[in-house]
Amino acid sequence: MLQPLLSPREHEVLRQIAEGQTTQAISENLSIDPRTVECHRLSIRRKACILGGKTALFQFARRYFRKLNGGGGRKPLKISMLDLVLFI
């Protein structure tokens, strides 16, 4: 069984990225520092092997949520390495 690759907080940040939220908006929504959001973004990009910056991460997030939820719903996700390989 594959273990989830992203933490619950990273899942939430990725969901909000897919919705087009800015770093500032995500930090306000989650009551965390904007630098923490940037750390989560970097961690997600590293785990998903995304070489680009914010635009590449946004595109990945949109594709991922579209595939799983048929349009970016809010149901909880479990992202595994296999999922990431299939969606990159």
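Q: How do α2 and α3 sit relative to each other?
A: In this predicted model, α2 and α3 are roughly perpendicular to each other (angles of 65 to 115 degrees; under 35 is roughly parallel, over 145 roughly antiparallel, the rest oblique). The angle between α2 and helix α3 (residues 34-47) is about 110°, and their axes are 8 Å apart.

Q: What counts as a helix here?
A: A DSSP run of H or I with at least four residues, numbered from the N terminus.

Q: Which residues of α2 and α3 meet?
A: Thr-23, Gln-24, Ile-26 and Ser-27 on the α2 side meet Pro-34, Val-37, Glu-38 and Arg-41 in α3 (heavy atoms within 4.5 Å).

Q: And α1 with α2, what angle do they cross at?
A: Roughly 135°, where the axes of helix α1 (residues 8-18) and helix α2 (residues 23-30) come within 10 Å. That angle makes α1 oblique to α2.

Q: Which residues of α1 and α2 meet there?
A: From α1, Arg-9, Glu-12, Val-13, Gln-16 and Ile-17; from α2, Ala-25, Ile-26, Asn-29 and Leu-30.

Q: New topic: how many disulfides?
A: The structure has 0 disulfides (cysteine sulfur pairs within 2.5 Å).

Q: Is Cys-39 buried or exposed?
A: Cys-39 counts as exposed because its relative accessibility is 53% (exposed is over 50%, buried under 20%, partly exposed in between, with a 1.4 Å probe and protein chains only).

Q: What about Cys-49, buried or exposed?
A: Cys-49 is at 56%, so Cys-49 counts as exposed.

Q: Which rules lie behind the numbers?
A: Local features need pLDDT of at least 70, and side-chain atom pairs count only at pLDDT 80 or more, while totals for chains, interfaces and linings use all residues. Residues are numbered from 1 along each chain as its sequence is written, and side-chain values use heavy atoms, leaving out hydrogens and water.

Methods: Axes are lines fitted to C-alpha atoms, for helices over the stretch in contact, and angles run from 0 to 180 degrees between N-to-C directions. Helices (H or I, at least four residues) and strands (E, at least two) are DSSP runs, numbered from the N terminus.
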